[in-house]
Amino acid sequence: MACLGLYCGKTLLFKNGSTEIYGECGVCPRGQRTNAQKYCQPCTESPELYDWLYLGFMAMLPLVLHWFFIEWYSGKKSSSALFQHITALFECTVAAIITLLVSDPVGVLYIHSCRVLMLSDWYTMLYNPSPDYVTTVHCTHEAVYPLYTIVFIYYAFCLVLMMLLRPLLVKKIACGLGKSDRFKSIYAALYFFPILTVLQAVGGGLLYYAFPYIILVLSLVTLAVYMSASEIENCYDLLVRKKRLIVLFSHWLLHAYGIISISRVDKLEQDLPLLALVPTPALFYLFTAKFTEPSRILSEGANGH
């Protein structure tokens, strides 16, 4: 019988030399996806650069949110913020390493994957066929193995490590904060981890194709907001504090990450010069900030110019 459905396939049951026996058409086992002949084939390829960049983006999301809420709740005079930043980085790094080690193949820092061919690969549950329009053949499986589930595993390890390490650290060093403020960054994580999980579950495929543009847009907007809120109008204002330089270089790294993700560095000699555009937004802001200063606009309006 012909195998219907975009993601239904026949699983190999027995192989002896050139003799292969396949089962009935149905769902492929985990770690396999259908080929053009509707047979389930193991995922043995290595992820492409774009796949790694996507996983890196999903790994950065909790880290950036950790840093944001730590900075938000620590206060300007808190000496504990730096240690919490380092701890958050340690948690996410260890979680990423453990996630790679427990993924197939187990015990090594690389993974086997199936190639992403189209957006529908992320949503196989929407393509279960009904041959007689009554009975549904359920062929839902992870066609993009392991790009979908590996993110959930990573978030779970991040959450476990945070609950094991962060409360002890905050209790020891966050002496400058009130008792009600010490654990607010941890409470915030207990909110944003479920949100990130739902985001990956529902919009993982959309994020896979849109994340380079999300990185560029958000990094540009947050850099402009930060420089405006910090009243940075020239290079001297930028160099006064080390923290401002750290924020600037962090945004430049995000700019570069987004540009590399969009270009995919298919043609190295053509794509690398695009990285010269990384400082452009910050330089444009510094050169034009004096023309958009509110006090100047108000004074010129009062003078009738």
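**View 1. The disulfide of cysteine 8 and cysteine 139 is right-handed in this predicted model.** The torsion about the S-S bond is 100 degrees. The two sulfur atoms are 1.8 Å apart. Cysteine 8 lies in the segment before strand 1 (9-16), and cysteine 139 in the loop between helix 2 (81-102) and helix 3 (149-173), so the pair ties together parts that are 131 residues apart in sequence. Are these cysteines buried or exposed? Cysteine 8 is buried, with a relative accessibility of 0%. Cysteine 139 also counts as buried, at 1%.

**View 2. Cysteine 28 and cysteine 40 form a left-handed disulfide.** Here the sulfur atoms are 2.0 Å apart, and the angle about the S-S bond is -80 degrees. The bond links distant parts of the chain, twelve residues apart. Cysteine 28 belongs to the loop between strand 2 (19-26) and strand 3 (32-34), while cysteine 40 is in strand 4 (residues 40-42). Cysteine 28 has a relative accessibility of 5% and counts as buried. Cysteine 40 is buried as well, with a relative accessible area of 4%.

**View 3. A disulfide joins cysteine 43 and cysteine 114.** The sulfur atoms of cysteine 43 and cysteine 114 are 1.5 Å apart. Which hand does this disulfide have? The torsion about its S-S bond is about -50 degrees, so the disulfide is left-handed. Cysteine 43 sits in the loop between strand 4 and helix 1 (49-74), and cysteine 114 in the loop between helix 2 and helix 3. The pair links distant parts of the chain, 71 residues apart. Cysteine 43 is buried at 4% relative accessibility, and cysteine 114 is buried at 4%. The count of disulfides in the model comes to three.

**View 4. The sulfur of cysteine 92 is too far from the closest cysteine sulfur for a bond.** Cysteine 235, at 46% relative accessibility, counts as partly exposed.

**View 5. Strand 1 and strand 2 form a hairpin.** The two strands pair in the antiparallel sense. How many bridges does this pairing run over? Strand 1 and strand 2 pair over six bridges. Two residues lie between the strands. In the turn, glycine 17 has a positive phi of about 70 degrees. Asparagine 16 stands opposite threonine 19, which is in strand 2.

**View 6. Six side chains, listed here by residue, belong to a nonpolar patch on the surface: Leu6, Leu117, Met118, Met125, Leu126 and Tyr127.** Together these residues have about 590 Å² of accessible area. Where does leucine 126 lie? Leucine 126 is in the loop between helix 2 and helix 3. Is leucine 126 buried or exposed? Its relative accessible area is 63%, and exposed means over 50%, so leucine 126 counts as exposed.

Notes. Residues numbered from 1 in each chain as written. Predicted model: local features only at pLDDT ≥ 70, side-chain atom pairs only at ≥ 80, totals over all residues. Heavy atoms only, no water. Disulfide = S-S within 2.5 Å. Helix = DSSP H or I, 4+ residues; strand = E, 2+ residues; numbered from the N terminus. Buried < 20%, exposed > 50% of the residue type's maximum accessible area, 1.4 Å probe, protein only. Pairing = 2+ DSSP bridges. Patch = residues over 30% accessible without salt bridge, like charges linked within 9 Å, V, L, I, M, F, W, Y side chains within 5 Å. Areas by Shrake-Rupley, 256 points an atom, 1.4 Å probe, with all protein chains shown as cover. Salt bridge = Lys/Arg side-chain N within 4 Å of Asp/Glu carboxyl O.
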